Number of protein chains: 2
Amino acid sequence: MSATQERIRARKPRADGLRSRQTILDAAARLATVEGLEGLSIGRLAEHIGMSKSGLYAHFASKQELQLATVETAAEIFQADVIAPTDTVDAPVARLEALSEAFISHLERRVFPGGCFFVSAAAEFDTHPGPVKEKIAGHLREWLQRLEDLAARAQANGDLDASEDPAQLAFELDAFLLMANMAFLLSDDPDTLRRARAAVHARLDRARPAP
Amino acid sequence: MSATQERIRARKPRADGLRSRQTILDAAARLATVEGLEGLSIGRLAEHIGMSKSGLYAHFASKQELQLATVETAAEIFQADVIAPTDTVDAPVARLEALSEAFISHLERRVFPGGCFFVSAAAEFDTHPGPVKEKIAGHLREWLQRLEDLAARAQANGDLDASEDPAQLAFELDAFLLMANMAFLLSDDPDTLRRARAAVHARLDRARPAP
């Protein structure tokens with residue numbers, strides 16, 4: 001986790017005011033996976049990070065502004081922790097495996113105490129239409145689209161059987177990751193992560209072109 | 001949904017006091033998938049169903065008692081809506097398909113406005129150890145175990161390939177259902193349900209004994 005944070009910091013040197021905003025948002029993103037984005041009142045967050053409420057109000061005019069900024073921070077953490085480390089993997093099927101493994105490792109290392117930030121936030125906001133739900137849904141769609149694009153590239157390369165539907169394959173891989181998230185959080189049992197790894201591996205294996 | 005409620009009522013005729021408690025809990029279970037089980041304060045619930053707070057306090061001594069009773073009511077609704085209608089399906093592979101289809105239909109008919117009650121409640125309570133989390137996790141384990149037991153029976157019958165691990169198969173089927181829940185809630189797109197049906201069908205097809 002500290003390696004992740006270092007990557008984020010290294011990427012974005014910040015002036016003092018911004019660094020302090022970033023510190024608040026890092027704490028907010030982690031707290032939101034435990035108490036919910038709705039539980040993220042400015043008062044509760046100020047108490048949690050030991051800042052004054054007026055200090056927090058200087059950064060965020062409203063609860064919704066705080067929530068939207070928190071979602072963006074979670075996306076930066078996810079990008080640095082899950083996506084960026086796989087950037088060097090070129091072959092699309094290998095990249096699909098690497099992304100799945102990076103996600104499972106992200107759960108295993110408990111980067112967020114409540115598992116995947118976006119799954120947690122989606123479960124909270126799925127029945128609350130508005131800009132926060134839209135932003136969360138947008139990030140989840142983007143992730144699924146990333147998997148689908150890789151599957152489509154793999155198919156174009158001949159690394160995936162012509163009978164596969166890239167969108168369907170992406171849906172199924174993402175399902176295993178989602179299941180890992182729920183099962184691991186509820187049971188604390190690493191066996192759930194082993195099952196998810198096995199599912200991803202078997203599914204990709206089956207998708208290879210028939211010899 | 002009214003058919004479901006009729007089944008529940010028919011199964012359990014209730015005296016007046018109990019019927020009123022049941023009415024409260026039916027409303028509480030549906031409301032909880034929108035506002036969360038934590039959002040289910042006695043005051044909020046009284047307002048939602050147009051009852052006095054003191055009337056509600058007569059039924060539930062504490063918020064936790066209300067939450068636990070709400071989870072039990074959701075389990076009764078799930079039993080009546082998803083599990084009972086498949087009771088007549090004897091062959092275990094056909095029952096696995098029937099249960100998956102009944103779950104997807106449960107989402108499609110929006111029996112709970114926030115999708116699967118247990119997934120919604122799990123996402124809220126996964127980071128809150130205690131009796132409410134335990135009860136939610138227990139119901140989810142029971143569902144997964146049901147799928148695993150059916151897979152094991154199918155294997156014993158020779159309807160499932162000997163190379164399959166029933167627990168792994170159950171994990172993967174449940175993953176597709178979980179993904180259907182999240183994707184349908186976020187997108188309102190019935191295509192997500194079609195993908196889940198296709199995934200379940202293809203996975204069970206692949207699990208059949210090699211000819």
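Which residue of chain B forms a salt bridge with A:D165? The partner is B:R195, with the closest N and O atoms 3.3 Å apart.

Some ground rules before the rest. This is a predicted model, so local features need pLDDT of at least 70 and side-chain atom pairs count only at pLDDT 80 or more, while totals for chains, interfaces and linings use all residues. Residues are numbered from 1 along each chain as its sequence is written, chains are lettered from A and ligands numbered from 1 in the order in which they are written, and side-chain values use heavy atoms, with hydrogens and water left out.

1. Salt bridges. The rule (a side-chain nitrogen of Lys or Arg within 4 Å of a carboxyl oxygen of Asp or Glu) finds two of them across the interface of chain B and chain A. Over all chains, the search of the whole structure gives 32. One that stays inside a chain is A:R44 with A:E47, whose closest N and O atoms are 3.2 Å apart. Both residues sit in helix 3 (residues 42–49) of chain A, three residues apart, or about one turn of the helix. Helices here are DSSP runs (H or I, at least four residues), numbered from the N terminus.

2. Interface. Contact (heavy atoms within 4.5 Å) links 34 residues of chain B with 34 residues of chain A. The copies meet through the same surface, because 100% of the interface residues of chain B are also interface residues in chain A. About 3,200 Å² is buried between the chains, with carbon and sulfur atoms giving 70%; that is the accessible area (1.4 Å probe) that two parts lose on being put together, summed over both.

3. Helices 9 and 10 of chain A. Helix 9 (residues 166–187) and helix 10 (residues 191–207) of chain A pack at about 170 degrees, their axes 8 Å apart. Axes are lines fitted to C-alpha atoms over the stretch in contact, and angles run from 0 to 180 degrees between N-to-C directions. The two helices of chain A are therefore roughly antiparallel (over 145 degrees; under 35 counts as roughly parallel). By class, this contact of helix 9 with helix 10 has 13 nonpolar, two polar and three charged residues.

4. Helices 6 and 9 of chain A. Here the axes of helix 6 (residues 92–108) and helix 9 come within 10 Å and cross at roughly 10 degrees, which makes the pair roughly parallel. Residues of helix 6 of chain A including A:L96, A:F103 and A:L107 meet residues of helix 9 of chain A, among them A:L173, A:L177 and A:F184.

5. Helices 6 and 8 of chain B. The axes of helix 6 (residues 92–108) and helix 8 (residues 131–157) of chain B come within 8 Å and cross at roughly 155 degrees, so these helices of chain B are roughly antiparallel. Among the contact residues are B:L99 and B:F103 of helix 6 and B:W143 and B:L147 of helix 8.

Methods: Parallel < 35°, antiparallel > 145°, perpendicular 65-115°, else oblique. Nonpolar A, V, L, I, M, F, W, Y, C, P; charged D, E, K, R; others polar.
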